[in-house]
Amino acid sequence: MWQAVLFAFLAGIFATNGIPHFVKGITKDSYPCLFGNSSVPNLVAGWLSFVVAILSAYGTNIEQYPLSSLVSGAVGVLLMGLFHAAGLAFGQKS
């Protein structure tokens, strides 16, 4: 069960982290990113985050542990959302 919780948590974290990078990439806005602050590195970082989230979700045994997976994924989404909302993202100015 701990693997389902871990993979669901990681899926929530990576999916939520990919949203601002992907959106800033397709709108050609600058946003802090480890690969660079321009639109193309942000688009790639967002896409990679989505791929990792999908792979993590695939590794989650949702059928066997539906409630644990759902709660763990939701906690991951909430924590990463709070991280971005608080302005704690890499290189972001508050």
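Predicted model: local features only at pLDDT ≥ 70, side-chain atom pairs only at ≥ 80, totals over all residues.
Of the contacts in this protein with a separation of 6 or more, 63% are between residues 24 or more positions apart. The protein has three helices and zero strands, and its elements run α-α-α from the N terminus on. Taken along the principal axes, the C-alpha atoms fill a box of roughly 40 × 25 × 15 Å.

The structure holds one aromatic pair. Its members are phenylalanine 22 and phenylalanine 50, with 5.5 Å centre to centre and 55° between the planes, a tilted arrangement. Phenylalanine 22 belongs to helix H1 and phenylalanine 50 to helix H2, and the two are 28 residues apart.

Because its relative accessible area is 8%, and buried means under 20%, serine 72 counts as buried. Which residues does serine 72 touch, leaving aside those up to four places away in sequence? They are Val5, Ala8 and Phe9. With phenylalanine 9 there is also a polar approach: a polar atom of the serine 72 side chain lies 3.3 Å from the backbone nitrogen of phenylalanine 9.

Helix H3 also contains leucine 67. In contrast to the buried serine 72, leucine 67 reaches 60% relative accessibility and so counts as exposed. Leucine 67 is part of a nonpolar patch on the surface, together with Leu70, Val71, Val75, Leu78, Leu79 and Leu82. The accessible area of these residues together is about 670 Å².

For the protein as a whole, the accessible surface comes to about 6000 Å², and carbon and sulfur atoms hold 74% of that. Buried residues are 32% of the 94 residues.

My last item concerns the backbone. Where is lysine 28 found? It sits in the loop between helix H1, residues 2-26, and helix H2, residues 39-59. Lysine 28 has a positive phi of about 60°, although it is not a glycine. At 69% relative accessibility, above the 50% cut-off, lysine 28 is therefore classed as exposed.

Conventions:
Residues numbered from 1 in each chain as written. Heavy atoms only, no water. Buried < 20%, exposed > 50% of the residue type's maximum accessible area, 1.4 Å probe, protein only. Polar contact = N/O pair within 3.5 Å; in protein donor to acceptor, adjacent residues only side chain to side chain. Contact = heavy atoms within 4.5 Å. Helix = DSSP H or I, 4+ residues; strand = E, 2+ residues; numbered from the N terminus. Patch = residues over 30% accessible without salt bridge, like charges linked within 9 Å, V, L, I, M, F, W, Y side chains within 5 Å. Areas by Shrake-Rupley, 256 points an atom, 1.4 Å probe, with all protein chains shown as cover. Salt bridge = Lys/Arg side-chain N within 4 Å of Asp/Glu carboxyl O. Phe/Tyr/Trp six-rings, centres within 6.5 Å; stacked < 30°, edge-to-face > 60°.
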